[in-house]
Amino acid sequence: METYAVIYKSLNRFRAWSNIRLLIEPILGGEARVVRGIFFDKTAAANWKVAWHQDLTIAVRERIEVEGYHPWSVKAGIVHVQPPIAILENMLTIRIHLDDTGELNGALQVIPGSHKAGRLLAEEMQAWKAKRNSVTCRIERGGAMIMRPLLLHSSSAAIDPGHRRVLHLEYCSAKLPDGLRWYES
Ligand SMILES: O=C(O)CCC(=O)C(=O)O
């Protein structure tokens, strides 16, 4: 995680050369910053699966009670909170793939269009799954996918686990209110 912290801090600092910014800025604008980074590696020893969900939480430096920000949680020692929907709608996630990714090693599956429906209740997620086919995001090594955090997504355990390394970077151009600070800021 330490190594990747250096990488995404650099991405923020050296805006001009970053091809990633060419993808992010037309959508979020020039103020967009990395606000959270996660490194995933799905291997035989860490062969997880994740049920259908939306990414509803953001990572912040510390807990400060602000209206509209709840519930709070702590993951890996980092404070997380669910922000108002307007913040989530202003975010983009880019997933940079360091290995070929497909059905055999637990690629992300998504339901197109679901990010436009706001925060979904469990029964609404079921309805999306029933009415829309999911898409498996096959990405070649060195490729990237961009998604909205509100896009319904899941991932299966790898059938043929090796490495499935992904650098997951969340961008947002919004500032947080009343002293709340993004974890990466
Ligand atoms: O990379 C994965 O397997 C799952 C990632 C995921 O579900 C997430 O970032 O919310």
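How many residues of the shell around the ligand are nonpolar, polar and charged? A few notes on that and on one of the sheets follow.

1. First, the ground rules. This is a predicted model, where local features need pLDDT of at least 70 and side-chain atom pairs count only at pLDDT 80 or more, while totals for chains, interfaces and linings use all residues. Residues are numbered from 1 along each chain as its sequence is written.

2. The shell divides into four nonpolar residues, four polar and one charged (Ala, Val, Leu, Ile, Met, Phe, Trp, Tyr, Cys and Pro count as nonpolar, Asp, Glu, Lys and Arg as charged, and the others, Gly among them, as polar). Around the ligand you will find Phe 40, Val 50, Asp 55, Gly 106, Leu 108, His 153, Ser 155, Val 166 and His 168; a residue is near a molecule if its C-beta atom, placed from the backbone, lies within 6 Å of it.

3. Two strands, β10 (153-155) and β11 (165-172), each supply at least two residues of that shell. Strands here are DSSP runs of E, at least two residues long, numbered from the N terminus.

4. Now to an open sheet of three strands, in the order β3-β5-β4 with antiparallel pairing (strands pair if DSSP finds at least two bridges between them). Its edge strands, β3 (58-60) and β4, each pair on one side only. From one strand to the next, the twist averages 40 degrees, with axes as lines fitted to C-alpha atoms and angles running from 0 to 180 degrees between N-to-C directions.

5. Within this sheet, antiparallel β4 (residues 72-75) and β5 (residues 78-81) are joined by four bridges. Val 74 has Val 79 as its bridge partner in β5, and Ser 73 has His 80. Two residues lie between the strands of this hairpin, where Ala 76 takes a positive phi near 50 degrees.
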